[in-house]
Amino acid sequence: LLWLVRAALRALMYGLAYLGIFTGLALAVRSPARARVACVLALFGLWFGHGLSRWAWLDQQLPGLRASAWLFPGQYQELLWSPSWLVSGAAALALLAIGSVAFAGGHGSFRRADACARCACRISASATARSWRSPA
């Protein structure tokens, strides 16, 4: 039973990283159709970017590229299945951090755009009210 609980928690942590990325991206895009396309492209981009960052030949050409692999959730998949609680716990925390940062970025973008839209609405409403009050 313990292995089932650990497997469920690992799958949850791994899924939450991607959920945070895709939710943040959808909030930043602000359109359902564009969000779907952006999320699918992001999924392939994450897969492709993680593969490139682990490619040995490219790592020889661009030293330090291997360090960028830790920015991709796929890097932590094997670490989550480590028998050590310390290793799998650190991987789970890193995945939560990746998802949280991505979500916070998308949420910040959404709030900024929403605030700008409200300011523009107030400005246009006050300009309209002034034009109605002014004698013609």
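Trainee: Which residues make the nonpolar surface patch of about 1300 Å²?

Mentor: A patch joins nonpolar side chains (Val, Leu, Ile, Met, Phe, Trp, Tyr) within 5 Å, from residues with over 30% relative accessible area and no salt bridge. A salt bridge is a side-chain nitrogen of Lys or Arg within 4 Å of a carboxyl oxygen of Asp or Glu. Accessible areas come from the Shrake-Rupley method with a 1.4 Å probe, with only the protein chains shown as cover. Here the patch includes Leu1, Trp3, Trp85 and Leu96. Helix 1 gives the most, with eight residues. Helices are DSSP runs (H or I, at least four residues), numbered from the N terminus. This is a predicted model, in which local features need pLDDT of at least 70 and side-chain atom pairs pLDDT 80 or more, while totals for chains, interfaces and linings use all residues. Residues are numbered from 1 along each chain as its sequence is written, and side-chain values use heavy atoms, leaving out hydrogens and water.

Trainee: Is leucine 96 buried, partly exposed or exposed?

Mentor: Buried means under 20% relative accessible area, exposed over 50%, and partly exposed in between. Leucine 96, in helix 5, is partly exposed at 32%.

Trainee: Which residues have the most contacts inside the largest nonpolar core?

Mentor: In soluble globular proteins, nonpolar side chains tend to be buried together. A nonpolar core is a set of buried Ala, Val, Leu, Ile, Met, Phe, Trp, Tyr and Cys residues joined through side-chain atoms within 4.5 Å. In this core of 16 residues, they are Ile21, Phe22, Leu46, Tyr76, Leu80 and Leu95. Helix 1, helix 2 (32–53) and helix 5 (85–133) each give two or more residues to this core.

How values were computed: Buried < 20%, exposed > 50% of the residue type's maximum accessible area, 1.4 Å probe, protein only. Patch = residues over 30% accessible without salt bridge, like charges linked within 9 Å, V, L, I, M, F, W, Y side chains within 5 Å.
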